[in-house]
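Keep the viewer handy as you read.

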Amino acid sequence: MVLTGWRRFPEATIELTAGLNVFHGANGQGKTNFLEAVYYLANLSSFRTRRRGELITWGRREASISGWIVADTGSTVLSVSLDRSSRTVTRGGMNSSSLLSYYGCLSVVLFAPNQVRLVGGPPIIRRRFLDRAVLRRLPDHVVLLRDYNKMLKSRNVSLKGKDVDLAEVYGRQMASLAGRIVGRRRTLVNQLGEGFESLYRDVTGTDERVSLRYRCSWCPQDTVDEGEIGGSFLETLPRRLDLDRQRGYTTIGPQFDDLEFLIDGRPAGPYASQGQARSIAMTAVLVEHDLLSVRGNSPVLLVDDLSSELDERRRRSFLDRLSGLSGQVLMTSTESVMDRDGRIFLVEGGSIHPEAERPVTEQLSGTSETVQVE
Amino acid sequence: MIDAMDSDPIQRLIAHLTQLPGIGEKTATRLTMHILAGQKEFARALAKSLEDVADQVRLCSQCCTFTVRDPCVICSDDNRDDSIICLVARPQDIDAIERTGQFHGRYHVLHGLLSPLDGIGPEDLKIGEFLTRLRQTPIKEVILATSPSIEGEATAMYVANLLKPLGVEVTRIAAGMPIGGELEYSDSMTVGRALQDRRAMR
Ligand SMILES: [Zn+2]
């Protein structure tokens, strides 16, 4: 990985190992910024900010990230450079004109502190979880979502402008895409179900039964038939027209759906304890990782700051799981002691060094440091 | 806008050119310098062409395409089929269809596609003119030949709804994948329609 002008890193070059990589250092030294760079390279978006300017080192005009991606199917170099107004992505040194083909090159799964909001947080977090997973298998899902959103906005503008005929036209357009989007999400939820239940038991050591249920905002039948779901959308829309006109926006659609987690048949959202919510979030990350592991290639797992969200027992159990995963893991930690095989890096004042290169005295003080969680 | 009265003529030309689509400050400057370096005759001829376009070209009173004489060449051609009208978004779409030599009816140009997000509604298109025309002359079939994009589809559906009470047969051009086009680069509408309009291989 080579970073220039990225966040706290004016220049940084590091060589990662294929297994576990731990980045430690005091808070505010840039540990998370490094994970963010890997995430950005994969998804061309940040999980911390939507403002591009914040990604560029203070006083620089441009930031760039390059990564050498090694997979069973071959290796390639991905790089992205950005300034405040534009962004260029290349793959193997060639400008990537199609983002669809770029996205498939590097897949990452993120476990960050706010991930526990998967349960109890707003539905959009759960929809994103589903869409991300669908997208990895069906890359054109991103096109469906983009086009659907455009139709939705067009319908909402028409509703506000009291043009019912035009709203009807966009409603009809939306129906077929709504059917396809929900059909795909439901298919995924069905595929996840069983694995989720057994993995949750493994992670927690309990015999609680966790199940998943997709809640569609208009189609109560638990079907994956895209035509049926789309048809049901088309039937429901006229009945909602008065309400939609009153509110000035469309009140049903994939943008209102939700994924529900049930523990022993009870909805987790309102009833789950913090510990249960965190265990579900952990399970979801492992399931997502498993889902993205195709044909021997595993996604890169990014784990940010485990200690802030998980207690000692859950952290151990999660780390055991991570060690058992095939594929690369990049993890930040305020603690430097690791009793597992892997490469350890110290992140300090905008630079990243492998632990072995550190002077001994510093290393000694490093092992006993206690740092407040961010 | 442009301060046309008292600014330097070079700057004024550059400023005018940058208002054209796809032309930025850099290109506008290059074009201006090219005009200045060349024959004065060319600059004058260019100015005359612009003036003529502004003074002489109008919309055809029948089909709304750009034309110098009204009605336009196609609308005044007695050998064409009056009972079938092909609805297109832009005047240049007529040329594309004419080049195929497959269509011998009349045309109507909407001058755009519905796009509420860009503030383009039905009243901004030549839809009213089209309906008036249909009421005046008996028509058997309307072919909706807008593009298979979200906007093109929405426009076609919208017009089709308006035509229903008139009892006219409404058809939509079949949309396929562009030859040599890659599936993943196309938007969902194109692929979706290509699937809807699929044919058995023989
Ligand atoms: Zn004409």
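How many residue pairs are in polar contact between domain 1 of chain A and domain 2 of chain A, counting pairs with both residues at pLDDT 80 or more? The count is one residue pair. Bear in mind that this is a predicted model.

Let's look at that boundary. Chain A splits into domain 1, made of 1-107 + 302-374, and domain 2, which covers 121-296. Their C-alpha centres sit 30 Å apart. Across the boundary, 16 residues of domain 1 of chain A are in contact with 17 residues of domain 2 of chain A. The size of an interface is often quoted as the accessible area lost when the parts come together. Here, the area buried between domain 1 of chain A and domain 2 of chain A comes to about 1,500 Å², and carbon and sulfur atoms give 56% of that.

There is one salt bridge between the two domains of chain A. The side chains of A:Arg321 and A:Asp202 meet in a salt bridge, at 3.3 Å from N to O. On the domain 1 side that touches domain 2 of chain A, helix 2 (99-103) and helix 9 (312-324) of chain A each supply at least two residues. Helix 9 of chain A gives the largest share of that side, with six residues. Sorted by class, the side of domain 1 of chain A that touches domain 2 has seven nonpolar, four polar and five charged residues.

Now for confidence. The predictor gives the complex an ipTM of 0.78 and a pTM of 0.79. Chain by chain, the numbers are as follows.

| Chain | Mean pLDDT | Residues at pLDDT 70 or more |
|---|---|---|
| Chain A | 85 | 91% |
| Chain B | 86 | 83% |

In chain A, pLDDT is below 50 over residues 357-374, a stretch with 24 contacts in the model beyond near neighbours in sequence. In chain B, pLDDT stays under 50 over residues 179-186, where the model has eight contacts beyond four places in sequence. Where pLDDT is low, the predicted coordinates should not be read in detail.

Finally, the backbone. Most residues other than glycine have a negative phi, and most peptide bonds are trans. A:Leu44 has a positive phi, near 55 degrees, and sits in the loop between helix 1 (31-43) and strand 4 (63-71) of chain A. Over in chain B, the peptide bond from B:Asp70 to B:Pro71 is cis, with omega near -5 degrees. B:Pro71 belongs to the loop between strand 2 (66-67) and strand 3 (84-88) of chain B.

Methods. Residues numbered from 1 in each chain as written. Chains lettered and ligands numbered in written order. Heavy atoms only, no water. Domains from an automatic or database assignment. Contact = heavy atoms within 4.5 Å. Buried area = accessible area lost by both parts, 1.4 Å probe. Salt bridge = Lys/Arg side-chain N within 4 Å of Asp/Glu carboxyl O. Polar contact = N/O pair within 3.5 Å; in protein donor to acceptor, adjacent residues only side chain to side chain. Helix = DSSP H or I, 4+ residues; strand = E, 2+ residues; numbered from the N terminus. Nonpolar A, V, L, I, M, F, W, Y, C, P; charged D, E, K, R; others polar. pLDDT = per-residue confidence, 0-100.
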